[in-house]
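Have the model open beside you as you read.

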Amino acid sequence: MATEGHAPTPGEYIVHHLHHLQNKKQTGVVDFSVINFDSLFFTIAIGAFGCWLLWLAARKATSGAPGRFQAAVEILVEMVESQAKGIVHNAHSRKLVAPLALTVFIWIFLLNAMDLLPVDLLPWIGEHVLGLPYLRVVPTADLSITMALSIGVLIVCLVYNVKIKGAGGWVHELFAAPFGDKWFLYPINFLMQIIEFVAKTVSHGMRLFGNMYAGELIFLLIGLMGGAWALTGTGIGLFIGHIVAGTVWAIFHILIITLQAFVFMMLTLVYIGQAHDKH
């Protein structure tokens with residue numbers, strides 16, 4: 001991370017922590033040949049961990065007085081179910097949509113929660129124990145992951161559009177809504193529908209990425225305050241500021257990671273609910 005003979009500069013420190021463990025160097029703004037191995041690993045591992053937690057809650061569920069873990073999961077399930085009922089009115093669809101929304105919420109919450117780990121902990125282990133040159137541990141601060149999640153939601157919406165309205169009915173809606181059967185407006189109708197799908201998908205992924213990327217940067221800046229004090233041994237204000245700012249931001253960030261997971265889940269339900277509406 002540092003050039004030989006001296007500690008990294010603040011710029012080098014931040015650039016190093018924002019660099020992914022990749023199969024090759026990215027050569028352009030968009031390069032689909034680049035694979036961020038760290039984001040893939042943590043996304044899959046944390047997804048499996050979230051599924052294990054839900055399985056554990058279901059396996060240990062009792063009909064008597066629930067324990068704290070079971071009670072927390074039941075409250076979460078009821079919250080998601082009530083939101084799904086208010087948005088997706090098709091009872092048959094909710095059998096899949098409600099568990100999907102619950103999975104989305106828990107998965108993204110756990111991915112976001114990786115930002116609460118000390119910024120140097122896992123990268124240090126990766127570099128000194130595993131010999132990895134880079135390791136970035138917050139998957140939702142990677143645009144490729146958040147866009148993949150939003151595209152997954154788009155695919156679900158397209159499936160429900162065809163399932164609920166039929167292939168012919170959905171194609172007719174693409175060209176006829178919202179101006180009706182005025183054939184000369186079909187190209188405008190179709191263009192508006194495509195723009196809507198693209199805009200919803202891009203904003204869905206970008207919103208989550210932007211918030212988590214900003215949060216990661218603030219943690220890095222707070223980490224630099226402690227690093228500056230440790231290197232110089234002077235400026236006790238840096239040490240105090242590092243502790244106070246880190247604590248306050250971590251507490252506030254708990255709200256952010258929960259809110260971002262909730263917003264992503266709610267938009268997922270809204271978009272799927274819109275796929276059930278006929279025009």
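1. Start where H3 and H4 touch: Leu76, Val77, Val80, Glu81, Ala84 and Lys85 of H3 meet Arg94, Ala98, Ala101, Leu102, Phe105 and Ile106 of H4, with contact meaning heavy atoms within 4.5 Å. By class, this contact has nine nonpolar, no polar and three charged residues. Here Ala, Val, Leu, Ile, Met, Phe, Trp, Tyr, Cys and Pro count as nonpolar, Asp, Glu, Lys and Arg as charged, and the others, Gly among them, as polar.

2. A word on the source: this is a predicted model, in which local features need pLDDT of at least 70 and side-chain atom pairs count only at pLDDT 80 or more, while totals for chains, interfaces and linings use all residues. Residues are numbered from 1 along each chain as its sequence is written, and side-chain values use heavy atoms, leaving out hydrogens and water.

3. How do H3 and H4 sit against each other? Helix H3 (residues 68-87) packs on H4 at an angle of about 125°, with the axes 9 Å apart. The two are therefore oblique to each other; angles under 35 degrees count as roughly parallel, over 145 as roughly antiparallel, 65 to 115 as roughly perpendicular and the rest as oblique. The axes are lines fitted to C-alpha atoms, for helices over the stretch in contact, and angles run from 0 to 180 degrees between N-to-C directions. Helices (H or I, at least four residues) are DSSP runs, numbered from the N terminus. The crossing of H3 and H4 is right-handed, that is, the near helix is turned clockwise from the far one by less than a right angle.

4. Next, look at H2 (residues 37-59), whose axis comes within 9 Å of that of H4 and crosses it at roughly 125°. That makes H2 oblique to H4. H2 also passes H4 in a right-handed crossing. On the H2 side the contact includes Phe42, Ile46 and Phe49, and on the H4 side Trp107 and Leu110 are among the residues. Its classes are nine nonpolar, three polar and no charged.

5. H4 (residues 91-113) has a further partner in H6: they pack at about 175°, with axes 13 Å apart. H4 is therefore roughly antiparallel to H6. Among the residues in contact are His92, Leu96 and Trp107 of H4 and Leu149, Tyr160 and Lys163 of H6. Nine of the contact residues are nonpolar, two polar and one charged.

6. Which helix gives the largest share of the lining of the largest pocket? H6 does, with six residues. Helix H6 (143-176) and helix H7 (186-232) each supply at least two lining residues. This pocket holds about 880 Å³ of space. Of its 25 lining residues, the closest to the centre are Gln26, Asn36, Asp142, Leu143 and Ser144. On a 1 Å grid over the protein atoms alone, a pocket is an open set of points with protein on both sides within 12 Å along at least five of seven lines; a cavity is a set where a 1.4 Å probe fits but cannot get out, and lining residues have an atom within 4 Å of a point.

7. Finally, there are two cavities of 30 Å³ or more. The largest cavity has about 110 Å³ of space, and the residues closest to its centre include Asp115, Val119 and Glu216. The second largest cavity has about 70 Å³, and its lining includes Ser150, Phe197, His204 and Tyr271.

Methods: Grid points are joined across faces, edges and corners, and a volume is the space filled by probe spheres set on the points.
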